[in-house]
Amino acid sequence: MVIVGVMVAIGIVLSFYGNQVIFQDLAKEEGEVSFGQELIIEIELDQEQNDNGIYAVQILSFKEGVFSAEVYDPLGIKIDSQSINEEVFEGSFDIFSSGKYQLVIKSTDQESTKIFGVIGPEPDAGAKSIGFISLYILVIGLIGMAGVGIYAIKNRKK
């Protein structure tokens, strides 16, 4: 039982640490968006450190066909534009040059909506693997807890 408890605790700690590592380099912003208002998130990206960037948008009161996300490079050229058709949207883009990149979130709705946006470099494989490893350890620990519980119930009857 102690070993299983330690595995669950390690899984929780690794999960927390993995999320910190993945999200530490991302620019995050929250705001209200309506027609004529935009949420703009900026981040300085270095092409020598990473060739790929990611962005994500979460809309709390989602309406289909109302929201869009655009990514601009340091020269102000639109390099990606997407209509957001789900409550949580993720996209990626290529980092062609170093400089300030922008994520611009727009709405065609008159009603103001709370939106959360994130932009930054794509996390490396090591950071992503910490998240997967923590998930596997948690699942094994929880299965172990269930197994120990079943074992304890069977032995109690004997």
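**The pocket and its surroundings**

Author: Four elements, α1 (2–23), β3 (52–59), β6 (88–94) and β8 (113–121), each give at least two residues to the lining of the largest pocket. The model is a predicted one. In this model the largest pocket has a volume of about 350 Å³. Its lining is made up of 16 residues. Those that lie nearest the centre of the pocket are F23, L26, I54, A56 and E90. Sorted by class, the lining of the largest pocket holds 11 nonpolar residues, 4 charged residues and 1 polar residue.

Next, the charged pairs. Across the whole structure, a search finds 5 salt bridges. One of these pairs E38 with K106, where the closest N and O atoms are 3.7 Å apart.

The side chain of K106 meets that of E70 in a salt bridge, with 3.3 Å from N to O. E70 is placed in strand β4 (residues 67–72) and K106 in strand β7, so here the pair ties together parts 36 residues apart in sequence. E70 is buried, because its relative accessible area is 8% and buried means under 20%. Through shared partners, salt bridges join E38, E70, K78 and K106 into one network.

Strand β7 takes part in another pair. K100 forms a salt bridge with E42, and the closest N and O atoms of the two are 3.9 Å apart. Since K100 lies in strand β7 and E42 in strand β2, the pair ties together parts that are 58 residues apart in sequence. K100 counts as partly exposed, at 43% relative accessibility. E42 is likewise partly exposed, with a relative accessible area of 41%.

The surface brings the account back to helix α1, one of the elements that supply the pocket lining. V2, V6 and I10 make a nonpolar surface patch of about 270 Å². I10 has its place in helix α1. With a relative accessible area of 41%, I10 is partly exposed; patches are made of residues with over 30% relative accessible area and no salt bridge.

M145 is found in helix α2 (residues 125–157). Its relative accessible area is 36%, so M145 is partly exposed. M145 and V2 are 143 residues apart along the chain, and their C-alpha atoms are separated by 9.7 Å. V2 is itself one of the residues of the nonpolar patch.

To restate the main points, the largest pocket has a lining with 11 nonpolar residues, and helix α1 supplies at least two residues of that lining.

Conventions. Residues are numbered from 1 along each chain as its sequence is written. This is a predicted model: local features need pLDDT of at least 70, side-chain atom pairs count only at pLDDT 80 or more; totals for chains, interfaces and linings use all residues. Side-chain values use heavy atoms; hydrogens and water are left out. On a 1 Å grid over the protein atoms alone, a cavity is a set of points where a 1.4 Å probe fits but cannot get out, and a pocket is an open set with protein on both sides within 12 Å along at least five of seven lines; lining residues have an atom within 4 Å of a point. Grid points are joined across faces, edges and corners, and a volume is the space filled by probe spheres set on the points. Ala, Val, Leu, Ile, Met, Phe, Trp, Tyr, Cys and Pro count as nonpolar, Asp, Glu, Lys and Arg as charged, and the others, Gly among them, as polar. Patches are made of residues with over 30% relative accessible area and no salt bridge: like charges are joined within 9 Å, nonpolar side chains (Val, Leu, Ile, Met, Phe, Trp, Tyr) within 5 Å. Accessible areas come from the Shrake-Rupley method with a 1.4 Å probe; for residues, only the protein chains shown count as cover. A salt bridge is a side-chain nitrogen of Lys or Arg within 4 Å of a carboxyl oxygen of Asp or Glu. Buried means under 20% relative accessible area, exposed over 50%, partly exposed in between (1.4 Å probe, protein chains only).
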